[in-house]
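Please keep the sequence and the structure in view while reading.

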Amino acid sequence: MRVWSHDHLSFPLPAGHRFPAGKYGLLRERVEQAGLVGPGEVLRPEPVAWAALHAVHDDALLERIRSGGLAIREERALGLPWSEQLVLRARSAVAGTVAAARHALDRGIAMNLGGGTHHAGRDFARGYCLFNDVAVATRALRAAQVAERVLVVDCDVHQGDGTAQVLGPDAGAFTLSLHGARNYPFKRIPSDLDLDLETGTGDEAYLAALDAALDRALAAFGIPDVAFYLAGADPWEGDRLGRLALTKPGLRMRDDLVLDRLGELGVPVAVVLAGGYAPDVRDTVDINAATAAAVAARYRWNDTS
Ligand SMILES: [Zn+2]
């Protein structure tokens with residue numbers, strides 16, 4: 001299958017920083033070694049145009065990001081040091097999600113080996129998230145008149161506050177977020193449907209909650225034209241930040257549940273990575289690679305295009 005990866009782009013980080021910069025390259029290597037992609041099927045997204053970002057984000061915020069003019073408190077909230085490379089890489093990650101979403105409309109499912117930057121809102125960039133890729137892709141699909149109604153299934157362990165701010169009030173979008181009740185962000189912006197899960201929630205209770213939440217979201221919103229699935233690896237029991245205690249098999253069942261439910265309804269799904277902060281990055285990569293395998297198993301091969 002075709003996937004997008006921006007792992008060729010790096011940016012300066014202080015030694016010991018907990019952002020898992022290494023996971024992107026390791027994940028690309030894993031999906032190649034597993035034979036999930038063939039030669040030439042890992043595509044490098046070109047940075048998304050600033051105009052596409054302006055369709056979602058505040059002009060003044062984008063100008064500060066572009067010029068390196070973020071205030072000290074903004075850079076602290078972002079959690080990453082500003083650099084031109086950081087901005088270029090973030091624009092490329094967004095482009096990967098836009099491309100994956102368009103590809104999903106053709107193949108039923110597609111994946112960006114990046115993205116899921118759900119803490120970026122209209123006028124703020126925080127929690128390692130500069131731009132909200134899912135919101136930008138939503139607007140891009142509408143501008144291209146290829147999809148209108150969008151469902152966001154956010155299974156990262158952190159609440160999708162930025163997505164909620166941008167797409168919550170959007171009648172053509174439904175935002176569902178399942179997250180740890182005691183995880184960041186501590187000041188929430190409500191999604192259309194938020195599920196706060198207790199610390200230590202394990203596989204069984206999590207899967208039951210997800211199943212019921214999907215029912216509620218689909219009943220409230222109807223069948224969307226496209227869905228975005230944020231397959232965060234941070235609900236894993238060994239994650240440094242997450243508090244939900246899911247096992248790796250449990251996370252695979254989570255992926256299957258989301259992808260089967262949407263697949264049965266004929267909804268194209270664009271899958272993005274979101275977070276993952278295992279002490280050993282290879283554990284995060286295991287989880288992300290299992291998601292990629294779940295995507296590959298559902299990918300509609302189409303030799304005519
Ligand atoms: Zn997260």
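**From the loops to the sheet and its helices**

Gln145 is found in the loop between H6 and E4. The model is a predicted one, and in it Gln145 has a positive phi of about 55 degrees although the residue is not a glycine. Its relative accessibility is 73%, and Gln145 therefore counts as exposed, the cut-off for that class being over 50%.

Strand E1, residues 3–4, pairs with strand E3, residues 109–112, in the parallel sense over two bridges. Within this pair, Trp4 has Asn112 in E3 as its bridge partner.

E3 is in turn joined to E8 by three bridges, and these two strands run parallel. Ile109 stands opposite Val269 in E8. On to E7: four bridges join E7 to E8, again in parallel, and the bridge partner of Ala227 in E8 is Val269.

What covers the faces of E8, and which of its residues are buried? In a regular strand, side chains alternate between the two faces of the sheet. Both faces of E8 are covered: Val269 and Val271 are buried on one side, and Ala270 and Val272 are buried on the other.

One face of E6 is covered and carries Leu193, Leu195 and Leu197, while the uncovered face carries Asp194 and Asp196. E6 runs parallel to E5, to which it is joined by five bridges. In this pairing Leu178 stands opposite Leu195 in E6. The loop between E5 and E6 contains Pro185, and the peptide bond that joins Tyr184 and Pro185 is cis, with omega about -5 degrees.

Two packed helices are described by the angle between their axes and the distance between the axes. For H5 (residues 84–107) and H6, the angle is about 50 degrees and the axes are 9 Å apart. The crossing of H5 and H6 is right-handed. From H5, the residues Val94, Thr97, Val98, Ala101, Arg102 and Leu105 take part in the contact, and from H6 they meet Asp133, Val134, Val136, Ala137, Ala140 and Leu141. By class, this contact of H5 with H6 has nine nonpolar, one polar and two charged residues.

H5 takes part in a further packing arrangement, with helix H1. In H1 (residues 23–33) the buried residues are Lys23, Tyr24, Gly25, Leu27 and Val31. These buried residues pack against H5 and against helix H10 (281–298). Gly35 follows H1 and has a positive phi, near 75 degrees.

Two loops that involve E7 complete the description. Ile223 is found in the loop between H8 and E7 and touches Leu265 and Val267, leaving aside residues up to four places away in sequence. The C-alpha atoms of Ile223 and Arg261 are separated by 11 Å, and these residues are 38 residues apart along the chain. Ala245 lies in the loop between E7 and helix H9 (248–264). Its phi is near 65 degrees, a positive value in a residue other than glycine. Ala245 has a relative accessibility of 29% and therefore counts as partly exposed, since this value lies between the cut-offs of 20% and 50%.

How values were computed. Residues are numbered from 1 along each chain as its sequence is written. This is a predicted model: local features need pLDDT of at least 70, side-chain atom pairs count only at pLDDT 80 or more; totals for chains, interfaces and linings use all residues. Side-chain values use heavy atoms; hydrogens and water are left out. Two strands pair if DSSP finds at least two bridges between them. Axes are lines fitted to C-alpha atoms, for helices over the stretch in contact, and angles run from 0 to 180 degrees between N-to-C directions. A crossing is left-handed if the near helix is turned anticlockwise from the far one by less than a right angle, and right-handed if clockwise. Contact means heavy atoms within 4.5 Å. Ala, Val, Leu, Ile, Met, Phe, Trp, Tyr, Cys and Pro count as nonpolar, Asp, Glu, Lys and Arg as charged, and the others, Gly among them, as polar. Buried means under 20% relative accessible area, exposed over 50%, partly exposed in between (1.4 Å probe, protein chains only).
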